[in-house]
Amino acid sequence: MIAYMRHTYPYNIPSILNLDELVFRKSVTFIAGENGSGKSTLIEALAINAGFNPEGEAVTLISGHNTLIPDCIMT
């Protein structure tokens with residue numbers, strides 16, 4: 001991650017600001033937080049990266065919807 005990007009949206013959201021890696025170790029994960037903490041932004045980026053529509057309806061991908069997409073690597 002380029003350092004200057006940490007000061008722009010969505011990288012400046014508190015929950016994402018210091019996030020370098022997110023590992024899900026269990027088959028069920030709860031994501032909770034205050035309004036505006038970045039929950040939806042993170043979930044949308046993960047969904048788009050997995051090939052799903054961020055709104056959860058169809059599998060059709062909407063490109064350019066979430067700028068975290070290039071930084072989400074699913075393995």
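This is a predicted model: local features need pLDDT of at least 70, side-chain atom pairs count only at pLDDT 80 or more; totals for chains, interfaces and linings use all residues.
These legends go with several close-up views of one chain.

View 1. Residues are numbered from 1 along each chain as its sequence is written, and side-chain values use heavy atoms, with hydrogens and water left out. Helices (H or I, at least four residues) and strands (E, at least two) are DSSP runs, numbered from the N terminus. Helix H1 covers 14–17, and helix H2 covers 39–49. The chain has 75 residues, and 24% of them are buried. Buried means under 20% relative accessible area, exposed over 50%, and partly exposed in between (1.4 Å probe, protein chains only). The chain exposes about 5,800 Å². Carbon and sulfur atoms supply 57% of that area. Accessible areas come from the Shrake-Rupley method with a 1.4 Å probe; for residues, only the protein chains shown count as cover. Among contacts in the chain with a separation of 6 or more, 33% join residues 24 or more positions apart. Contact means heavy atoms within 4.5 Å.

**View 2. Helix H2 has a set of buried residues.** They are Thr41, Leu42, Ala45, Leu46, Ala47 and Ile48. H1 is part of what covers them. Just after H2 comes glycine 51, with a positive phi of about 95°.

**View 3. Leucine 42 sits in helix H2.** Leucine 42 counts as buried because its relative accessibility is 15%. Leu22 and Ile31 both touch leucine 42, with residues up to four places away in sequence not counted. Isoleucine 16 is 26 residues from leucine 42 in sequence. In space, their C-alpha atoms are 8.0 Å apart.

**View 4. Isoleucine 16 belongs to helix H1.** Its relative accessibility is 4%, so isoleucine 16 counts as buried. Threonine 41 is 25 residues away from isoleucine 16 along the chain. The C-alpha atoms of this pair are separated by 9.3 Å. Threonine 41 is itself one of the buried residues of H2.

**View 5. Tyrosine 11 lies in the segment before H1.** Tyrosine 11 has 3% relative accessibility and therefore counts as buried. Glycine 38 is 27 residues away from tyrosine 11 along the chain. Their C-alpha atoms are separated by 9.6 Å.

**View 6. Serine 37 lies in the loop between H1 and H2.** Serine 37 is buried because its relative accessible area is 19%. A polar atom of its side chain lies 2.7 Å from the backbone oxygen of glutamate 34. Serine 37 also touches Ile13 and Ser15, not counting residues up to four places away in sequence.

**View 7. A nonpolar patch lies on the surface.** Its members are Leu22, Phe24, Ile31 and Ile43. Together they have about 330 Å² of accessible area. Patches are made of residues with over 30% relative accessible area and no salt bridge: like charges are joined within 9 Å, nonpolar side chains (Val, Leu, Ile, Met, Phe, Trp, Tyr) within 5 Å. A salt bridge is a side-chain nitrogen of Lys or Arg within 4 Å of a carboxyl oxygen of Asp or Glu. Isoleucine 31 lies in the loop between H1 and H2. With 35% relative accessibility, isoleucine 31 counts as partly exposed. Isoleucine 31 also touches leucine 42, a buried residue of H2.

Terms used:
A polar contact is a pair of N or O atoms within 3.5 Å; within protein, one must be able to donate a hydrogen and the other to accept it, and residues adjacent in sequence count only if both atoms are side-chain atoms.
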